[in-house]
Amino acid sequence: MGILKHVSQVALNSVFPPRCAGCDAWEEGLFCEDCRLQLRAIEAPLCAVCGKPFDPLAFASLCAECRPSRNNKPPEFSALRSCFMFEGPSREAIHRYKYEGQSSLAGLLAQELSGFWRSDCNGTLQIPPCDLMAPVPLHWWRAYRRGYNQSELLANQLSPMIDVPSKVLLHRVKPTRPQVELGRDQRAENVKNAFQVDKEMTPVIKEKTILLIDDVCTTGATLRECARALRQGGAAAIYALTFARQIPQQTSPEK
Ligand SMILES: [Zn+2]
Ligand SMILES: [Zn+2]
C-alpha cells in the first residue's frame, strides 16, 4: 500500500473504524473472533456436483438432483462449492454487502473465497484451474438501483487473488422477480432462459473452463441457468463458487 493511501486509510479508519460484518464490533477483518466461531463451513461428505452436504451415514457421491436419469437432467456445472452456510454472521455480512450499500466489503469477502480456494477445502473443492471467471449478472435495472452488481465486484476483487481473469460473459435477457418472493419450483421457472452469453464473448469462451462467481447460492437455480447458457455458448466446463450457501432445511432465503 502506498504511503498516501495508507495515511488516508488510517484517517478514514479513525472517523469510521472498521467493523465486523457480523456484529458491528470493531474489527479490521471481515469477522470478529466471536462471529468467526459461529461460522459453519460446508464440509464433506457432500454431493460431488452441487456441493450439498450429505448425512454422514449416507453412502452416495451424488444427490438425486445431480444424478442423471431419464427424468432428471443434472446441472451443467461440474462442481459448485461455497465457503459458509448462509446463516448468522455470513448472512448478516451478505445483507450488509447487498442491501445496505456496503460495497466496500467486496475485498474482504473475496479474501475469504481466495483462502477457501487456496486451502482446497480439505480436498473437497474439486475445481481445476480455470481460464476465466464470470460474475452472475444482475438485471440492469437492479444494478442501477443498487449502484453495483455485487457478484461483479466480488469477482473483480477475487480475480487477482487467485490469478483467474474476470470478464462479464453473461447478461440477463429478461427481467426476473426477486427470488426471495418465490418457492423452489417458481425460482427455477423465474430464471429459466434468463441468461445469454454476450455475442462478442462467444469466441472468448469457446473450449474454456469457466468459474461462475456469486455472493450466495440459494436453490442453485440461477447458477444452473448461467451454466446452461455458458455451455450453449461453447464453454468446455463450468464450475461455480459462492461465499455462502443456503442449505435446504434452512429457513427462507433472501436474494
Ligand atoms: Zn462479530
Ligand atoms: Zn447434487
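Reply: In this predicted model, 38% of the 255 residues in the protein are buried. The secondary structure consists of nine helices and six strands. Among contacts with a separation of 6 or more, 73% are between residues 24 or more positions apart.

The largest nonpolar core has 62 residues, and those touching the most other members are L109, L212, I213, L230 and I238. Strand 6 (residues 237–245) gives this core its largest share, seven residues. Domain 1 (1–38) and domain 2 (40–245) each supply at least three residues to this core. In soluble globular proteins, nonpolar side chains tend to be buried together.

The part to examine is helix 6, residues 150–162. The buried residues in helix 6 are Q150, S151, L153, L154, A155, Q157, L158 and S159. An α-helix has 3.6 residues a turn, so residues three or four places apart point the same way. The cover over the buried residues of helix 6 includes helix 3 (88–99), helix 4 (106–119), strand 2 (132–135) and strand 5 (209–217).

Apart from neighbours within four places in sequence, I213 is in contact with S151, L154, A155 and L158, among others. The contacts of I213 also include M133, A134, P135, V136 and L241. After helix 6 comes D163, with a positive phi near 60°.

Technical notes:
Residues are numbered from 1 along each chain as its sequence is written. Chains are lettered from A and ligands numbered from 1 in the order in which they are written. This is a predicted model: local features need pLDDT of at least 70, side-chain atom pairs count only at pLDDT 80 or more; totals for chains, interfaces and linings use all residues. Helices (H or I, at least four residues) and strands (E, at least two) are DSSP runs, numbered from the N terminus. A residue is buried if 20 or more other C-beta atoms lie within 10 Å of its own, exposed if 12 or fewer, and partly exposed in between; C-beta atoms are placed from the backbone. Two residues are in contact if their C-beta atoms, placed from the backbone, lie within 7 Å. A nonpolar core is a set of buried Ala, Val, Leu, Ile, Met, Phe, Trp, Tyr and Cys residues joined through C-beta atoms within 7 Å. Domain bounds come from an automatic or database domain assignment. The expected span of a helix is 1.5 Å times one less than its number of residues.
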